[in-house]
Amino acid sequence: MHRHGTPITLNDLIYSIIPNLNSAEKLVFATLESLIETASNPLDILKRTDQRQAFGLEVHRIRINLEHLLDRYRTELEAVLRSEGEYTGPVVDPDPQEADAIRSAVDIYIHVCAFQRGERPSPVPRREATPPKRP
């Protein structure tokens, strides 16, 4: 998985970042569903339900931005797919929202891996508030 600031190719997006996001999403939703089903305290159920909704919205935001990025590279994307991963395609030049979506997808995957290793108490990463930009 890529670290922040590392150039990312189309191949990286479609064969690493997006599949890893898909895997992390499934694990988080399955874990939250399990926690909701086994919870006896209504406040725990509400907390996990809110987490599930917030996580779903975050993943949706990420997907919309990644789709926009992939759409801008449609021709190159088709070449990468036809080559079945042998052609890496160009390094992508994401706009700020797309770059944030890539960072968020990577962060989710890293967080979920840490959760699986027992290094995090929750499968749901917390999104840090972005400080306002100064003029």
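Colleague: Why is F55 called buried?

Modeller: F55 comes out at 3% relative accessibility, and buried means under 20%, so F55 counts as buried. Bear in mind that this is a predicted model.

Colleague: And F29, why is that one called partly exposed?

Modeller: The relative accessible area of F29 is 23%. Buried would need under 20% and exposed over 50%, so F29 is partly exposed.

Colleague: What makes F29 and F55 an aromatic pair, and an edge-to-face one?

Modeller: Two numbers settle that, because a pair of aromatic rings is described by the distance of the centres and the angle of the planes. Ring centres have to lie within 6.5 Å, and those of F29 and F55 are 5.4 Å apart. Planes over 60 degrees apart count as edge-to-face, and here the angle is 75°, hence the label. A search of the whole structure finds one aromatic pair, and F29 with F55 is that pair.

Colleague: Why do you say that the pair ties parts together?

Modeller: F29 lies in helix α1 and F55 in helix α2, so the pair links parts that are 26 residues apart in sequence.

Colleague: How do you know that S122 is buried rather than exposed?

Modeller: S122 has 15% relative accessibility; the cut-off for buried is under 20%, so S122 counts as buried. S122 is found in the segment after α4 (96–116). Leaving aside neighbours within four places in sequence, S122 is in contact with R48, Q51, H111 and F115.

Colleague: Which residues touch the most other members of the largest nonpolar core?

Modeller: L10, L13 and L66 do, out of 27 residues in that core. The elements giving two or more residues to this core are α1 (10–38), α2 (42–72), α3 and α4, and the largest share, nine residues, comes from α1.

Terms used: Residues numbered from 1 in each chain as written. Predicted model: local features only at pLDDT ≥ 70, side-chain atom pairs only at ≥ 80, totals over all residues. Heavy atoms only, no water. Helix = DSSP H or I, 4+ residues; strand = E, 2+ residues; numbered from the N terminus. Buried < 20%, exposed > 50% of the residue type's maximum accessible area, 1.4 Å probe, protein only. Contact = heavy atoms within 4.5 Å. Core = buried A, V, L, I, M, F, W, Y, C linked by side-chain atoms within 4.5 Å. Phe/Tyr/Trp six-rings, centres within 6.5 Å; stacked < 30°, edge-to-face > 60°.
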